[in-house]
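Biologist: I have the file open and would like to go through it with you. Where do we start?

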Amino acid sequence: MAAGKGAGIKPASVLQNERVRFAVCFLGVFVCYFYYGILQETITRGQYGEGDKKENFRFAQTLVFIQCVINSVFAKLLIQFFEGSRPDHTESWLYGLCSLSYLGAMVSSNSALLYVNYPTQVLGKSCKPIPVMILGVTILKKRYPLAKYLCVLLIVSGVALFLYKPNKSTTTDDHIFGFGEILLLLSLTMDGLTGVAQDHMRARFQTSPYHMMLNINLWSTLVLGIAVLTTGEVWEFLSFTERFPSIIYNIVLFGLTSALGQTFIFMTVVYFGPLTCSIVTTTRKFFTILGSVILFGNVINSMQWVGTVLVFLGLGLDAKFGKGPKKH
């Protein structure tokens with residue numbers, strides 16, 4: 001290689017060890033999205049104003065639009081710092097297709113909250129590795145080692161057991177609940193398609209994590225920009241920030257934690273594949289809930305302890321047996 005490229009490769013040399021690289025990716029995703037979740041809850045569930053003039057935040061599309069803009073700027077800076085003039089040969093239509101499935105997954109899962117409760121939505125999304133693996137096998141004809149299937153099953157089962165809380169169901173709108181489940185199924189399908197597109201980028205074009213992050217967010221910004229302008233939501237959002245300017249600080253932090261978290265997610269996708277990435281993000285949900293239980297002193301019942309054991313068992317088996325033989 002030319003000497004001039006040494007500066008661009010040097011920062012990556014720290015992550016040459018695969019175990020160190022995986023640990024950095026996992027911790028990066030966990031820390032960033034833990035704080036991201038706190039900010040998201042603060043922004044979207046907080047009440048603004050006093051007395052009869054209290055208002056709720058209702059600008060989800062604009063919030064995601066801002067998030068995608070910050071992600072795009074952040075990815076562009078990463079490309080300039082780490083990769084310099086390295087060309088990206090990935091076809092634009094593939095980025096556009098991936099961004100549509102990515103946005104479809106987010107919109108479907110958020111819309112599902114209108115019909116099902118939050119634990120049900122999280123429980124459904126925790127099964128994300130399943131469609132990623134199924135579509136990877138059926139569309140890309142990928143072959144995963146048998147241990148990988150067992151590890152995914154153990155992790156998903158563990159998260160499901162940990163989140164499951166048996167209580168009395170008093171809902172009378174069974175048909176609405178069914179529609180919520182359909183939305184979750186659609187969201188999982190979109191997650192699987194996103195994983196297939198990302199896997200194809202890695203195998204066909206050797207797409208770098210930063211180029212993948214930049215272009216998917218640029219396409220998402222374009223789609224969401226058209227949506228918020230067409231509906232007029234962006235003007236209502238600007239009026240809201242004029243009345244409550246303190247929210248701007250949280251939104252900026254929200255965008256920055258999202259950008260950092262996405263950096264680690266795309267690194268995981270490129271270096272370890274979308275299936276491993278889905279396992280990391282699913283396990284991150286588990287650790288976030290487990291950390292909340294430990295920090296706030298909530299009691300873990302026997303079923304949740306079984307779920308804890310299954311998740312750690314799945315992680316341990318995947319680290320030792322789930323990699324499979326390496327291929328060029």
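Modeller: With what counts as a helix: a DSSP run of H or I that is at least four residues long, numbered from the N terminus. By that rule, G158 lies in helix α7, residues 146-163. Keep in mind that this is a predicted model.

Biologist: Is G158 buried or exposed?

Modeller: G158 is buried, because its relative accessible area is 0% and buried means under 20%.

Biologist: What does G158 touch, leaving out residues up to four places away in sequence?

Modeller: It touches G307, L310 and V311.

Biologist: Let's step back. How many helices and strands does the protein have?

Modeller: It has 13 helices and two strands. The protein has 328 residues, and 45% of them count as buried.

Biologist: For contacts between residues at least 6 apart in sequence, what share join residues at least 24 apart?

Modeller: That share is 86%.

Biologist: Now the inside. How many residues are in the largest nonpolar core?

Modeller: The largest nonpolar core has 45 residues. Those with the most contacts inside it are I43, Y48, F57, M212, F240 and I247.

Biologist: Which elements give two or more residues to this core?

Modeller: They are α2, α3, α4, α8, α9, α10, α11 and α12. The largest share comes from α11, with 12 residues.

Biologist: Pick F57. What is in contact with it, apart from neighbours within four places in sequence?

Modeller: F57 is in contact with I43, T44, G46, Y48, L63, F237, F240 and I247. There is also another core, apart from the largest one, with 10 residues. V132, M133, V159 and I279 are among them.

Biologist: Switching to rings. How many aromatic pairs are there in the whole structure?

Modeller: A search finds nine. In one of these pairs, Y36 and F254, the ring centres are 4.6 Å apart and the planes are at 20 degrees, so the pair is stacked.

Biologist: Why does that pair tie together parts that are 218 residues apart in sequence?

Modeller: Because Y36 lies in helix α2 and F254 lies in helix α11. Y36 counts as buried at 12% relative accessibility, and F254 counts as buried at 1%.

Biologist: What about F240 and F244, how do their rings sit?

Modeller: Their centres are 5.1 Å apart and their planes are at 55 degrees, so the pair is tilted. Both F240 and F244 are buried. Ring pairs also link Y48, F59, F237, F240 and F244 into a cluster.

Biologist: Which ring does the charged end of R21 sit over?

Modeller: The ring of Y271, with the charged end of R21 at 4.1 Å from its centre.

Biologist: Next, α9. What span should it have, and what does the model give?

Modeller: At 1.5 Å a residue, the 23 residues of α9 should span 33 Å. The C-alpha atoms at its ends are 33 Å apart, which agrees. α9 is followed by G232, which has a positive phi, near 80 degrees.

Biologist: What else has a positive phi, although it is not a glycine?

Modeller: Q206 does, at about 50 degrees. Q206 is in the loop between α8 and α9.

Biologist: And N215, where is it and what does it touch?

Modeller: N215 is in helix α9. It touches D88 and Y95, not counting residues up to four places away in sequence. N215 is buried, with a relative accessible area of 18%.

Biologist: Last topic, cysteines. How many disulfides does the structure hold?

Modeller: It holds zero disulfides. A disulfide is a covalent bond between the sulfur atoms of two cysteines.

Biologist: Are C32 and C98 buried or exposed?

Modeller: C32 is buried, with a relative accessible area of 10%. C98 counts as buried at 0% relative accessibility.

Key:
Residues numbered from 1 in each chain as written. Predicted model: local features only at pLDDT ≥ 70, side-chain atom pairs only at ≥ 80, totals over all residues. Heavy atoms only, no water. Core = buried A, V, L, I, M, F, W, Y, C linked by side-chain atoms within 4.5 Å. Buried < 20%, exposed > 50% of the residue type's maximum accessible area, 1.4 Å probe, protein only. Contact = heavy atoms within 4.5 Å. Expected span 1.5 Å × (residues − 1). Phe/Tyr/Trp six-rings, centres within 6.5 Å; stacked < 30°, edge-to-face > 60°. Lys NZ or Arg CZ within 6 Å of the ring centre and 35° of its normal. Disulfide = S-S within 2.5 Å.
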